[in-house]
Amino acid sequence: MRSRLTVLLAVIIAVAAGALAVSRVIPLPSGFGAAPGSLPTAPASYLGVYESGALDSYQPVADFTGVVGRQPNLVGYYSGWGEPFQTSFAKTAYSHRAATIMQWDPTLASVTKIASGGYDRYLRSFAHSVGAFGHPVVIGFGHEMNAYWYSWGFGHLPATTFVAAWRHIVTLFRQQGVNNVTWLWTLQADEPGTGTIASWWPGARYVNWVGIDGYYYRPYETFFSIFSKTIAQMRAFTDLPILLSEVAVGPAAGQAQKIPNLFAGMQMYDTIGLVWFDIDQDQGIYHQDWRIEDNPAAETAFRRGVAAMTLASP
């Protein structure tokens with residue numbers, strides 16, 4: 001999504017702090033981190049959420065749970081390049097029967113250097129932490145790469161460089177014996193200014209799920225108008241499971257009216273679930289409150305949609 005400035009500021013601070021300095025990596029013991037890498041993929045089986053402040057306190061997720069009436073089984077955060085894996089957060093999520101979903105973005109990092117192995121010391125440390133956690137983790141790298149608003153995306157970076165970096169990361173994790181990762185290749189839903197999605201495809205050997213990010217901004221928008229073109233393009237080259245990996249309905253679109261359309265579309269297109277962006281983005285010149293809290297009609301619509309889902313147990 002274009003305006004995630006708070007996340008980008010956190011990335012800048014982390015990188016400036018020199019988080020790339022990591023200690024020597026000790027190889028994982030035999031069989032360590034041997035949790036299944038592929039999670040269940042039945043349609044409508046994942047309810048996920050992103051919440052501001054969730055890394056510091058799980059309470060926002062608990063509050064969301066109370067509002068929607070179901071425990072999310074995917075709980076997410078955004079990681080800057082150079083930051084460690086948030087093991088404590090992952091453990092807390094797992095204790096609530098949720099898998100961690102993490103979008104790992106190379107802000108202020110050289111994607112070319114990632115592809116050539118220049119950050120391998122950091123990658124091995126990160127992979128070791130994920131493997132040591134030992135439970136399923138969903139990881140996306142360089143999300144929304146087909147869009148123009150991030151430095152690793154369309155118009156800023158050759159697609160071949162992104163693909164090389166993606167493959168290098170996945171290969172390194174596998175060489176480290178880390179097999180509890182579900183790799184999520186995350187697109188921005190097709191819109192004016194986005195690039196050809198097939199150009200950024202790393203290949204089915206390197207991806208487990210396809211993620212699509214999309215938002216309802218205006219009253220006339222529907223699941224079909226936001227997502228169908230992207231799904232059709234993606235289905236031309238892969239039949240991997242689709243997760244609506246970052247989605248919400250804005251107040252101007254009519255939350256109570258459009259949330260049923262979102263859940264109906266998720267079911268109609270056999271996507272495996274959705275991750276709701278339950279965040280109030282108040283950033284000066286840009287403000288969009290995606291939360292459903294304090295909107296009784298939206299809460300009711302969301303509860304009804306979630307009630308029809310059969311959630312997986314990660």
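**View 1. Thr271 in the loop between helix 8 and strand 8 (273–277).** Helices (H or I, at least four residues) and strands (E, at least two) are DSSP runs, numbered from the N terminus. The model is predicted: local features need pLDDT of at least 70 and side-chain atom pairs count only at pLDDT 80 or more, while totals for chains, interfaces and linings use all residues. Residues are numbered from 1 along each chain as its sequence is written, and side-chain values use heavy atoms, with hydrogens and water left out. Thr271 has 0% relative accessibility and therefore counts as buried (under 20% relative accessible area, with exposed meaning over 50% and partly exposed in between; 1.4 Å probe, protein chains only). Apart from neighbours within four places in sequence, Thr271 is in contact (heavy atoms within 4.5 Å) with Pro43, Ala44, Ile242, Leu244 and Met266.

**View 2. Ser225 in helix 7 (residues 223–235).** With a relative accessible area of 45%, Ser225 is partly exposed. Ala189 is 36 residues from Ser225 along the chain, and the C-alpha atoms of the two residues are separated by 9.8 Å.

**View 3. The packing of helix 8 (residues 255–268) with helix 9 (residues 296–307).** Two packed helices are described by the angle between their axes and the distance between the axes. Here the angle is about 10 degrees and the axes are 8 Å apart. Axes are lines fitted to C-alpha atoms, for helices over the stretch in contact, and angles run from 0 to 180 degrees between N-to-C directions. Helix 8 and helix 9 are therefore roughly parallel to each other (angles under 35 degrees; over 145 counts as roughly antiparallel, 65 to 115 as roughly perpendicular and the rest as oblique). Their crossing is right-handed, a term for the near helix being turned clockwise from the far one by less than a right angle, left-handed being anticlockwise. Helix 8 contributes Gln255, Ala256, Ile259, Pro260 and Phe263, which meet Ala297, Ala298, Ala301, Phe302, Gly305 and Val306 of helix 9. By class, this contact of helix 8 with helix 9 has nine nonpolar, two polar and no charged residues. Ala, Val, Leu, Ile, Met, Phe, Trp, Tyr, Cys and Pro count as nonpolar, Asp, Glu, Lys and Arg as charged, and the others, Gly among them, as polar.

**View 4. The crossing of helix 2 (residues 59–68) and helix 9.** The axes of helix 2 and helix 9 come within 8 Å and cross at roughly 85 degrees; the two helices are therefore roughly perpendicular to each other. Phe64, Gly66, Val67 and Val68 in helix 2 meet Glu299, Phe302, Arg303 and Val306 in helix 9. The contact of helix 2 with helix 9 has five nonpolar, one polar and two charged residues by class.

**View 5. The packing of helix 5 (residues 120–133) with helix 6 (residues 159–175).** The axes of helix 5 and helix 6 lie 9 Å apart, at an angle of about 55 degrees, and the helices are therefore oblique to each other. The crossing of helix 5 with helix 6 is right-handed. From helix 5, Asp120, Leu123, Arg124, Phe126, Ala127 and Val130 meet His168, Ile169, Leu172 and Phe173 in helix 6. Seven nonpolar, one polar and two charged residues make up the contact of helix 5 with helix 6.

**View 6. The protein chain, with nine helices and ten strands.** Of the 314 residues of the protein chain, 54% count as buried. Among contacts between residues at least 6 apart in sequence, 80% join residues at least 24 apart.
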